[in-house]
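Thanks for coming. I have one structure to go through today, and I will keep it short. Please look at the sequence and the model as they come up.

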Amino acid sequence: IDHIDNWSDGGATDLDKLGPTCQFHNRDRYRNPDRYQLRRGDGKRWAFTYTGPRAARSA
């Protein structure tokens, strides 16, 4: 679970202010907030969509 407003910036630990992320994306979103878009998920839940660069695939 990740804060929609970074915890280190004073983000509240309220159920209405949290969204699901894995550990990697939690850290990456903190370091690179421009790579993520916040949106409403189902009902009152928040979700994060990764919009940053994709990793290059090898042939």
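Which residues line the largest pocket? Before the list, a caution: this is a predicted model. The lining is made up of I1, L15, D16, L18, G19, P20, G41, D42, K44, R45, W46 and A47. Two elements each give two or more residues to that lining, namely β2, residues 18–19, and β4, residues 46–50. Sorted by class, the lining residues are six nonpolar, four charged and two polar. As for the space itself, the volume of the largest pocket comes to about 200 Å³.

Next, the strands. Together β3 and β4 make a hairpin, with five residues between the strands. In the turn sits G43, whose phi is positive, at about 60 degrees.

Last, one residue at the other end of the chain. H3 belongs to strand β1, residues 2–3. Is H3 buried or exposed? Its relative accessibility is 14%, so H3 counts as buried, the cut-off being under 20%. And what is H3 in contact with, leaving aside neighbours within four places in sequence? The contacts are G11, A12, T13, K17, L18, R29 and F48.

Note on methods
Residues are numbered from 1 along each chain as its sequence is written. This is a predicted model: local features need pLDDT of at least 70, side-chain atom pairs count only at pLDDT 80 or more; totals for chains, interfaces and linings use all residues. Side-chain values use heavy atoms; hydrogens and water are left out. On a 1 Å grid over the protein atoms alone, a cavity is a set of points where a 1.4 Å probe fits but cannot get out, and a pocket is an open set with protein on both sides within 12 Å along at least five of seven lines; lining residues have an atom within 4 Å of a point. Grid points are joined across faces, edges and corners, and a volume is the space filled by probe spheres set on the points. Helices (H or I, at least four residues) and strands (E, at least two) are DSSP runs, numbered from the N terminus. Ala, Val, Leu, Ile, Met, Phe, Trp, Tyr, Cys and Pro count as nonpolar, Asp, Glu, Lys and Arg as charged, and the others, Gly among them, as polar. Buried means under 20% relative accessible area, exposed over 50%, partly exposed in between (1.4 Å probe, protein chains only). Contact means heavy atoms within 4.5 Å. Two strands pair if DSSP finds at least two bridges between them.
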